[in-house]
Amino acid sequence: MKRVIFALLGVLSLASVANAQKKTSGAIQFETTIDPAAMMAASGVKIPEQMAARMPSTSKSNFELLFNATNASYMPVEETEDSNGAGGGGGGMGRMMRGFGGAGGNREYYYTFADKKLVEVFDLSDTTYVMQSGLKLNTSGPISTFGGMGMGRNNPNDTTKPKPIVPPKIEVVKTDATKQILGLTCNEVIVKSTRSVKILDMDKDVTEETHIWYTKDLGFDFSPNPNMWTEGTVLAIEGRGNSTIAKSIEYRGVSAKDVTAPKKATAITEAEYKIKMENMMKRFRGNGNNRPGGTGGQRVIMVN
C-alpha cells in the first residue's frame, strides 16, 4: 500500500514539475481598441463635425505575444477592422491613429530577458529596419496624447517655425488595486499626464490618465506598448479612447526562431529614425492632402 502511495506522489510531483515547466512558454493574445474621437478629445483637440463624421467610432486590432524561458516577440496577427466597415486593407484612420499614438500598425518587437534588450523591426520606404529600444515610461505623454504630433496646435496656413512643444507633467501613482487577468494577479499603476494646450486662443491644462495593469506571476518584463511600462508583465493598458488588453493565454512550446529578431535588416538608431519621421511629416505638410510617403507600407506598430 505504501508503495502505491509513494508511486502516486511521484506521479503527482512529476506532473507538477511538468506543468511548471510548461508555463515558462506560450502565447498571449491581445486586443487593441481605439476610439479616435475620444483620444483627440482627451488631448484637448476639438474635432470639426465633418472630420468626426468620417472617423470610425472604434478600431480594433489583434496582437500576439510569444514567449519562452529566455525571449519573447510581439506582433500583429491580422489587419485592423473598424466599426464603419472600412476593414484593414486600406489602413485608414484607425492605423494612422495607432501610429501617432505610439502603438499600433505592423511593428514587430523582440525581447531578450537576460539583458533586458528590446529591438523593433519595421518597414519604411521599402527597407526593413531594426532599431534598439527598451521598456520605459515615456515622459512625453501617455498613449492617447497627440501633442507630440502638433495636432490641434498649429494653424495649417502658418509657415513660421513651430514653437517647441513643452513636455507634460507626469505623475505616476502606484495603487493598492488588484484584479485577475487570464487567471494572473495584476497590480495597477496610474500615469497622469498634464499638459497645456491652446483651445480657441485660450490656454487650458488637460490631464489624461492611463491605467497600467501588470503581473509578476509570469517572471519576465514586457509591455504591449514599450513606452508605457514600469515593471512586470503588462497585461492591460487602459486610457481614454485607447486600450490594449490580454484576452487569452495558452501555455505551449515556443521555438527560438519565433522569438528571435531577423538578422537581415538595416540597423537604425532612434535619432536617425526621428529625423526620418520629421522629414516625412514635413513632406506631408508640404503636399497638402497627400499622405506621408512610405508610411502606408509599414509592417509595424509605432509604439502606443
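In which strand is the place of Trp-213? In this predicted model, Trp-213 lies in strand β10, which covers residues 202–215.

**View 1. The burial of Trp-213 in strand β10.** Trp-213 has a relative accessible area of 8%, and because this value is under 20%, the residue counts as buried. Leaving aside residues up to four places away in sequence, Trp-213 touches a set of residues that includes Ala-177, Thr-178, Lys-179 and Ile-181, together with Cys-186, Asn-187 and Glu-188. Further residues touched by Trp-213 include Thr-233, Val-234, Leu-235 and Ala-236.

**View 2. Trp-213 with Leu-235 and Glu-238.** Although Trp-213 and Leu-235 are 22 residues apart along the chain, their C-alpha atoms are separated by 5.9 Å. Glu-238 is also among the residues that Trp-213 touches, and the side chains of these two residues are joined by a polar contact of 3.2 Å.

**View 3. The hairpin of strands β11 and β12.** Strand β11, made up of residues 233–239, pairs with β12 in the antiparallel sense, and 4 bridges are found between the two. Within this pairing, Ile-237 stands opposite Thr-244 of β12. The hairpin has 2 residues between its strands, and Gly-241, which sits in the turn, has a positive phi of about 80°.

**View 4. Strand β12 beside strand β1.** Strand β12, here residues 242–251, also runs antiparallel to strand β1, residues 26–34, and the two are joined by 9 bridges.

Notes:
Residues numbered from 1 in each chain as written. Predicted model: local features only at pLDDT ≥ 70, side-chain atom pairs only at ≥ 80, totals over all residues. Heavy atoms only, no water. Buried < 20%, exposed > 50% of the residue type's maximum accessible area, 1.4 Å probe, protein only. Contact = heavy atoms within 4.5 Å. Polar contact = N/O pair within 3.5 Å; in protein donor to acceptor, adjacent residues only side chain to side chain. Pairing = 2+ DSSP bridges.
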